[in-house]
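Dear colleague,

Please find the structure below, handed over for your records.

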Amino acid sequence: MRIGSMWKDVSKSFFERPVTERYPFERHATPPRLRGLLHWDYTTCIGCGLCQKDCPAEAIEVEIVDRKAKLFNFTYHADRCTFCAQCVQSCNKGSLSLLHDEWELAALNKTPFCFAWHSPEPENIKE
Ligand code: SF4
Ligand code: SF4
């Protein structure tokens with residue numbers, strides 16, 4: 001590169017806005033259809049286990065604690081999840097969704113990728 005054209009680019013950069021984004025200090029809204037972290041709605045789940053059966057990545061475990069009392073344990077392994085949304089399709093109760101604004105999932109070890117959720121005891125549910 002000739003010094004002349006290089007100097008032109010350098011001087012131009014002083015007066016123009018940078019093309020790079022100041023992430024993570026500035027963030028854009030994520031598109032509504034972006035597939036991020038799985039969300040489980042314990043209030044509608046019936047513990048049928050279809051999501052676990054259909055998940056191709058074996059990322060979901062559903063454990064029935066007490067079917068009558070609607071108590072379930074739901075374990076989600078985000079490090080196995082391929083964000084294919086098959087579980088969302090399979091759930092007839094609409095209990096699963098992929099959160100479009102929960103996508104920053106990088107971590108230094110596997111621990112933060114395992115989510116163990118439990119439906120609360122009926123007496124602990126606040127109306
Ligand atoms: S498919 Fe839906 S209702 Fe059935 S266990 Fe999974 S989340 Fe619950
Ligand atoms: S999005 Fe796909 S890979 Fe992830 S838990 Fe659901 S079915 Fe499994």
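Glu104 is partly exposed, at 40% relative accessibility (buried means under 20% relative accessible area, exposed over 50%, partly exposed in between, with a 1.4 Å probe and protein chains only). Its salt-bridge partner is Arg27, and the closest N and O atoms of the two lie 2.6 Å apart; a salt bridge here is a side-chain nitrogen of Lys or Arg within 4 Å of a carboxyl oxygen of Asp or Glu. Because Arg27 lies in the loop between helix H1 (3-15) and strand E1 (38-40), and Glu104 in the loop between strand E4 (96-98) and strand E5 (114-118), the pair ties together parts that are 77 residues apart in sequence. Helices (H or I, at least four residues) and strands (E, at least two) are DSSP runs, numbered from the N terminus.

This is a predicted model, in which local features need pLDDT of at least 70 and side-chain atom pairs count only at pLDDT 80 or more, whereas totals for chains, interfaces and linings use all residues. Residues are numbered from 1 along each chain as its sequence is written, chains are lettered from A and ligands numbered from 1 in the order in which they are written, and side-chain values use heavy atoms, without hydrogens and water.

The structure holds four salt bridges. Among them, Arg22 pairs with Glu26 at 3.6 Å between the closest N and O atoms; Arg22 is exposed, at 52%, and Glu26 partly exposed, at 46%.

Finally, His77 belongs to strand E3 (residues 71-77) and is buried, at 11% relative accessibility.

Kind regards
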